[in-house]
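Please look through the model below before reading on.

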Amino acid sequence: MNTQTENEIVPLQYDPDALPREKARHYIPASDEDIAGMLKTIGAKDLKDLFRHIDPNLSMPDPLPLPEELGYDELREHLVAIAAKNRILPSFVGDGLPQYRVPEIVGHVSALRNLTTSYTPYQPERSQGTLMTHWLYQCALSQLTGFEAINLSLYDRATALFEAISCALRLTRGTDTVIVTQSVFPGDLEVIRSLIEDTRIRVIEVPCDPATGRTSPEAVRAQANEIGGRLAAIAFPQVNALGVLEDVDGLTDLAEELKVKSVAIIDPMLLATEGLKPPAQFGKSGANMFVGEAQHLAIAPTFGGPGLGIFGVRHNAKTRTDIRATPGRYVGRARDLDGRECLVMVLSTREQHIRREKATSNICSNQAFLATLAGAAILERGEKGMTAACRTGMERAQKAAARLTAHEGVALAFPDSPFFNEFVLTLPISADDCIAAGRELGLHTGVNVSSRIKGSKGNHLKLSFSDWQSDQDLQALFAFFADAFGPEKQNQANTPAPIPQTLLRTDPVGLPNPSLEELKTYYSELAELNISPDEGCYPLGSCTMKYNPYINDYAAGLSGFTDLHPQAHPDDAQGSLEILYRIQEWFKGITGLAGVTTQPVAGAQGELVGLKLFQAYHRARGETGRDIILIPRSAHGTNFATATMAGFESKTSSGQAAGIVLLDADETGQVEMASLREKIETLGPRISGIMITNPNTGGIFEARFREIAELIHDAGGLVYMDGANMNAIAGWIDLGTMGVDAVHNNLHKTWTIPHGGGGPGDAIVAVSDKLVDFLPGAQIAKEGERYVPVIPKNSIGSVHRHWGNFGHKVRAYTYLARLGREGIKRMSAMAVLSSRYVAKQLDETFPFLPPKAGEVPRMHEFIITLPESLFKKIEDAGIPRANIIPRVGKLFLDFGYHAPTVAFPEVFGLMIEPTESYTQAELDRFSQTVRDIARLIDDHPEVLKTAPHFTPIDRVDEVAANRELLVSEPIRDLPRGPGNRIPPRELVEMDLTKLREKILEAAGIKSAAATNS
Ligand SMILES: Cc1ncc(COP(=O)(O)O)c(C=O)c1O
């Protein structure tokens, strides 16, 4: 291992002075004159005036209970000092999150802002860079596993396993039960147990044989026989939590014989050439699905996250439809209208944004950027490097086992069971004492696995090996054992059981071996195909595409943070725990609520935590009949999908509807009070809670939120606020006073962690005092100067295998520390001001939606549509009405911008969210562009037939891509696609009249200007 342990100031890899947004106070580049001018344009006195329509009783105390902002250099020193509080030691912990050498390409790709900061590739013509990085990931994983379909990532191994369980139930009708071998990692099991609570899913855990450390297929068979026809799947690891290689062939064949699905849990690093057998070759026909963790393919442990949950399903002549029951995103091969080969997201009709409560999962933001990095890292290693990394761990483990068991009283716990790169020792002392002695000498010797072995006397230690440890680390381990247990005596050493050939890979993976330089150029070129909020307004409503400070990434990349294993002793993790503690406390201050959990890893998972907390609260009060969740029709798709996942399945029994009950909107787009009252009246004692987005997805603050909350509370229910739009109100509105019981804060929106082409997101969930005792994971308490994890007394369990996406907590913390209490209020006020300013410049050209909400002030975003006369004109030009708004979105790409959010939540709407990250001049340019787009369409509606024109590819034929589904192919070299016709950077700076001419020319339309001249 090679790490920064000194409290040194690591140099910045960028020049902040060359980045105007980076050095601007609170990352707000608008000058005081800009702000004064913008306020004047919209008729507001000052920033506070922007919130005057909201009940003043809901205001946050001023000043906020947060510290003052830090200066840029001070901030950097502060973060370096906190990172240095972690004690990074050579480690043999592994245990499902091993550490491998991080390939150099990872640092390079992580600095490509057009890849890190761009959005989910919903506009494929402007996202071929992201799509290609995702494609490479899918293809590389496909080669390693033998599976044809690899989804683009789930949160981590634990939630991937939960998703596979749910998928198996969907695929096997009339079932409700899955067998999971107890030899999976305990952290994963805890997540599964938490997530199945209050759902119809049953999971039966089959213990392994304490003598062999393996699961016997016969024990599984016996259990399966008891379950009978209700069994949907058997899930088992390839390398189990005791390091032992399971009988994957026996377990897969058993599943096939019983006609249930087999779900293999794998570590992709171990499937390289000369490694373990890929899951497609398990048993006679291969496993049906696989899941696993791949964080270590891309990055260091980083106190547990962001993780990379991998998921694969067979997609071949035999199983063409299973993929449709799976969760998450896929990228597929496509062609554009001109026949160019390209990529696009496919199968989205299964996802929450389209299928809502019938979606296959609630996942929205996934771990996309980790997938990008994992793909790049696999390619840098290539065939040779992957083989070497995989073999190094195995050879070191086999050698270490022979040496360590040569000490008096030390033996392999399962001498007859084969292992690969991890093994368990029986010690003559307790494993805890061994670990403590190791720490004193500067070693994390391993993990105490005694609780995983029935009858253990507390003396079982597991050690894990990889290419990260240095030869000196191994020598230090051997010296420590000699010190603790006396000299080696070769005659008593255990010889590790040979690994049967049947458990090993026989064919090469066949990965290419590009040079690092070639790869760096390749990824840099891919990045150029995207756009980033760095360069100009990225107006995606609901997504808050604001500026992501470079210093956040700098802080998250400090090795004091990245090299810490999440199972390190709390005394060695004081820096990381301090970050978690502070951010936990700050979010109490930001929301006005009593408790905070930092464990959830995305907004959708935050929603799930909220609903699980509601269920636990009602259960604790003996009110188990609360089976209804109220959700407004206009809510984000995740709200509906989450409610279903939590167990609020929409169904009718004995004439009574249960599950999700929809709420109507009034003519201003806010919750319709009369029908809400009626629903409360009729459903009262069955209401578990309500989920409301505020400001809502139309950018309108729900003025009667508090009244709604009171009505729900009076009925015994609880209130969830979807906090995706906190960028409009953070620091101004006290959610506690407003009646919120739980709220998620999407860190990748308001709190500036980059979107990464679709993820990882992150979510901090704040709760009212009613729910504090039920929070998941650990709370961080401060005892004197020490930070200690404490499990809440009625905790719902865990939703992440460790501490959540820790790296993202560092980013958000860094942002908050720079903003300070004043900056938070200024940030949200500027977001509202920018939005109202742009709206003002568009209001003579475009109608706003909802149509009758004219006078209602919009917050940080707003929805426009086209005048009816323009719709008609476009229809007359041959474009069906349903296609018009998405096509208008494409025209934004020709002007160097990303499209606004199209057709959500209003089918004929374009939702625009400018954010606080731009100057008045930039907002003026954007507003002028939007007006020019209207003029262009009015003059030449047919331009929409061919838009976009300057992206690397023309419009993509998504229908054909979904029909002829191709989601992987072997990578033999780096695939090349077309480059930019005109880079967005040039487009946003081009004279608008000239640009219009260019568009008309590219569309093959004779321009008016050309005719006149
Ligand atoms: C209103 C709203 N709710 C929930 C979510 C889901 O958040 P995440 O993508 O972090 O899961 C989003 C994401 O776009 C959103 O806009």
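Which residues in α25 and α28 meet? From α25 they are Ser-834, Tyr-837, Val-838, Gln-841 and Leu-842, and from α28 they are Gln-920, Leu-923, Asp-924, Phe-926, Ser-927, Val-930 and Arg-931; contact means heavy atoms within 4.5 Å. The residues of this contact comprise six nonpolar, four polar and two charged. Here Ala, Val, Leu, Ile, Met, Phe, Trp, Tyr, Cys and Pro count as nonpolar, Asp, Glu, Lys and Arg as charged, and the others, Gly among them, as polar.

The model is predicted: local features need pLDDT of at least 70, side-chain atom pairs count only at pLDDT 80 or more, and totals for chains, interfaces and linings use all residues. Residues are numbered from 1 along each chain as its sequence is written, and side-chain values use heavy atoms, with hydrogens and water left out.

Two packed helices are described by the angle between their axes and the distance between the axes. Helix α25 spans residues 806–842 and helix α28 residues 920–939; their axes come within 9 Å and cross at roughly 35 degrees. Axes are lines fitted to C-alpha atoms, for helices over the stretch in contact, with angles from 0 to 180 degrees between N-to-C directions.

Tyr-72, Leu-75, His-78, Leu-79 and Ile-82 of α3 make the contact with Val-810, Tyr-813, Thr-814, Ala-817 and Arg-818 of α25. Seven of the residues in the contact of α3 with α25 are nonpolar, two polar and one charged.

The protein chain as a whole has 33 helices and 27 strands, taken as DSSP runs numbered from the N terminus (helices H or I, at least four residues; strands E, at least two). The C-alpha atoms fill a box of roughly 95 × 65 × 60 Å along the principal axes.

Backbone details come next. Most residues other than glycine have a negative phi, and most peptide bonds are trans. His-26 is not a glycine, yet has a positive phi of about 55 degrees; His-26 sits in the loop between α1 (20–23) and α2. Asp-62 and Pro-63 are joined by a cis peptide bond with omega about 0 degrees, and Pro-63 lies in the loop between α2 (32–42) and α3 (72–83). The bond from Ala-947 to Pro-948 is also cis, with omega near 0 degrees. Pro-948 belongs to the loop between α29 (943–946) and α30 (958–963).
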